[in-house]
Amino acid sequence: MKYLLKTDIADFLIESEIDYITRLSVYNGDLDFKIERNPTIDFCIRELLSYLEGDLRFFQTKIKFNGTDFQQKVWRALSEIDYGETKSYKEIAESIGLPGASRAVGMACSANPIMIILPCHRIIGKNGNLTGYRGGLKLKKYLLNLEMGEYR
C-alpha cells in the first residue's frame, strides 16, 4: 500500500507491506498510484506528525528494508544515532568495522529507503558541514534544527 502525506515541510510517500513500513521518502513526482491506508501506515503517520511537531524522539513504527549486506549494516548503524546527535560518515564507517568506507557509507545513506526513521539526516561531513541529503539540504537542516529544539 502507498500513501502520500502532505505536510508544510514536505510531501512524504509512505509504503507498507502488511505490518511493516518499507519506504518513507520525500515525494516530488506525479500521483500515479492508488492512495491507500492501513493501520501500519496510520501508525507511521501519527508518529511522523508527532516527530515533525517536536514531540516524538523514538519511533516505534515497525520497518522492513532490503539492501545489500553493507547497506543494511549502515542502516542499522543509523538507527543507533540518538535524537539530536550527529555523526560523520567516517564515524559510521568505523562503527561498522570498515574505517576506510566513508564514501560507501555516503552511498548507502543516499539509498536509505526509510528516511527520518532511519535518520540519515543525522550524518554530516567530518568537518561538521551539512552534506548531501536525498530530501534536500533544506529539509536536512530543518530536521536537525527541529531535533535541537529550535522550533519549540
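This is a predicted model: local features need pLDDT of at least 70, side-chain atom pairs count only at pLDDT 80 or more; totals for chains, interfaces and linings use all residues.
**View A. The open sheet of three strands.** The strands follow the order β1-β2-β3 and pair in the antiparallel sense. β1 (2-6) and β3 stand at the edges with a single partner strand each, so one side of each has no neighbour in the sheet. On average, neighbouring strands are turned by 20° against each other, direction ignored. In general, strands of a sheet pair through backbone hydrogen bonds.

**View B. Strands β2 and β3 with helix α1.** Strand β2 (residues 11-17) is joined to β3 by six bridges in the antiparallel sense. Within β3, Ser-25 is the bridge partner of Leu-13. Helix α1 lies across β1, β2 and β3, and runs at about 145° to β2.

**View C. Helix α5 and its surroundings.** Helix α5 covers residues 137-147, and its buried residues include Leu-139, Leu-143 and Leu-146. Lys-140 and Glu-147 are also buried. The buried residues of α5 pack against β3 (20-26), α1 (39-52), α3 (89-95) and β5 (123-124). Gly-149, with a positive phi near 85°, follows the helix.

**View D. Two isoleucines with positive phi.** Ile-18 lies in the loop between β2 and β3, and its phi is near 50°, a positive value in a residue other than glycine. Ile-116 is found in the loop between α4 (102-110) and β5, with a positive phi of about 70°. Which of these residues is buried, and which is exposed? Ile-18 counts as exposed because its relative accessibility is 70%, and the cut-off for exposed is over 50%. Ile-116 counts as buried because its relative accessibility is 1%, and buried means under 20%.

Conventions
Residues are numbered from 1 along each chain as its sequence is written. Side-chain values use heavy atoms; hydrogens and water are left out. Buried means under 20% relative accessible area, exposed over 50%, partly exposed in between (1.4 Å probe, protein chains only). Helices (H or I, at least four residues) and strands (E, at least two) are DSSP runs, numbered from the N terminus. Contact means heavy atoms within 4.5 Å. Two strands pair if DSSP finds at least two bridges between them. Axes are lines fitted to C-alpha atoms, for helices over the stretch in contact, and angles run from 0 to 180 degrees between N-to-C directions.
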